[in-house]
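Biologist: I have a structure on the screen and want to learn how to read it. Where do we begin?

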Amino acid sequence: MGGRGVETGDRTAAVRTRLLGPDDWRELRAVRLEALRESPWAFGSTYARESAFTEADWRRRLSAGGATFLAYRDDDPATAVGISGGFFEESTPDTAELVSMWVRPEARGSGVADALVRAVLDWAVARGAARVHLWVTATNERARRFYERLGFVPTDERQPLPSDPTLDEIGMVRPLS
Ligand SMILES: CC(C)(COP(=O)(O)OP(=O)(O)OC[C@H]1O[C@@H](n2cnc3c(N)ncnc32)[C@H](O)[C@@H]1OP(=O)(O)O)[C@@H](O)C(=O)NCCC(=O)NCCS
């Protein structure tokens, strides 16, 4: 569903991102659970919580009005190497929220993450968003540097990470034009 190619320039082999529909719930489950297991400190949710989700829960996530993208490299088109998502809060319809960002460790530094963010930015622009906002764990230096390279700037927002309140997460925002 909604497949489209995204070329990400010099940093990468060609990367394709795919917008998932409800029938893709098994693929979403596999990648999302792997992300939660591999990088638990990066996410507000937990493996324990989402591994208990039913098919209906996953399908709901894919039909709730947001967007979920998986990324594939042309040199291994059957294997999803990363995930991103976007949604709008009803109270802030001009601001898209970027969530769920994760790239398999072996695919990091290759431009896959750029393509995944680009997919959400394009999706948000098409829906009239003025900006994209995200939360990132304060100690997640790699992600913070990555987002800064893509034009996100830290806000003054800071809150405990829901999955581990001993950590803080900070807000970052990027205007869309
Ligand atoms: C966050 C993530 C999606 C970024 O994708 P990526 O492919 O690793 O990103 P890139 O390699 O393109 O960019 C990372 C940047 O951080 C730098 N970096 C790498 N390790 C670093 C470290 N330990 N400390 C600081 N910067 C670091 C890289 O040099 C690069 O900077 P540059 O573009 O100026 O060279 C990926 O690392 C990931 O999935 N991490 C685990 C999950 C996660 O943190 N998700 C974010 C949730 S908000």
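Biologist: What should I know about the model and its numbering before going on?

Modeller: This is a predicted model: local features need pLDDT of at least 70, side-chain atom pairs count only at pLDDT 80 or more, and totals for chains, interfaces and linings use all residues. Residues are numbered from 1 along each chain as its sequence is written, and side-chain values use heavy atoms, with hydrogens and water left out.

Biologist: How do I read an aromatic pair?

Modeller: A pair of aromatic rings is described by the distance of the centres and the angle of the planes. Rings of Phe, Tyr and Trp (its six-membered ring) pair if their centres lie within 6.5 Å; planes under 30 degrees apart count as stacked, over 60 as edge-to-face, and the rest as tilted. By this rule there are four aromatic pairs.

Biologist: Why is the pair of F88 and W123 called tilted?

Modeller: Their ring centres are 5.3 Å apart and their planes meet at 40 degrees, so the pair is tilted. It links distant parts of the chain: F88 sits in strand β4 (residues 80-88) and W123 in helix α4 (residues 112-126), 35 residues apart. Helices (H or I, at least four residues) and strands (E, at least two) are DSSP runs, numbered from the N terminus.

Biologist: Is W123 buried or exposed?

Modeller: W123 has 5% relative accessibility, so it counts as buried. F88 has a relative accessible area of 25%, so F88 is partly exposed.

Biologist: And what geometry do Y147 and F152 have?

Modeller: Their pair is edge-to-face, with 5.6 Å centre to centre and 65 degrees between the planes. Ring pairs also link F146, Y147 and F152 into a cluster.

Biologist: Now the whole fold. How many helices and strands are there?

Modeller: Five helices and eight strands. From the N terminus they run β-β-α-α-α-β-β-β-α-β-α-β-β.

Biologist: What does the radius of gyration say?

Modeller: It is taken over C-alpha atoms; the globule rule is 2.2 Å times the number of residues to the power 0.38. For 177 residues, a compact globule would come near 16 Å; the protein has 15 Å, which agrees. The C-alpha trace spans about 40 × 40 × 30 Å along its principal axes.

Biologist: What share of the residues is buried?

Modeller: Buried residues make up 47% of the 177.

How values were computed. Buried < 20%, exposed > 50% of the residue type's maximum accessible area, 1.4 Å probe, protein only.
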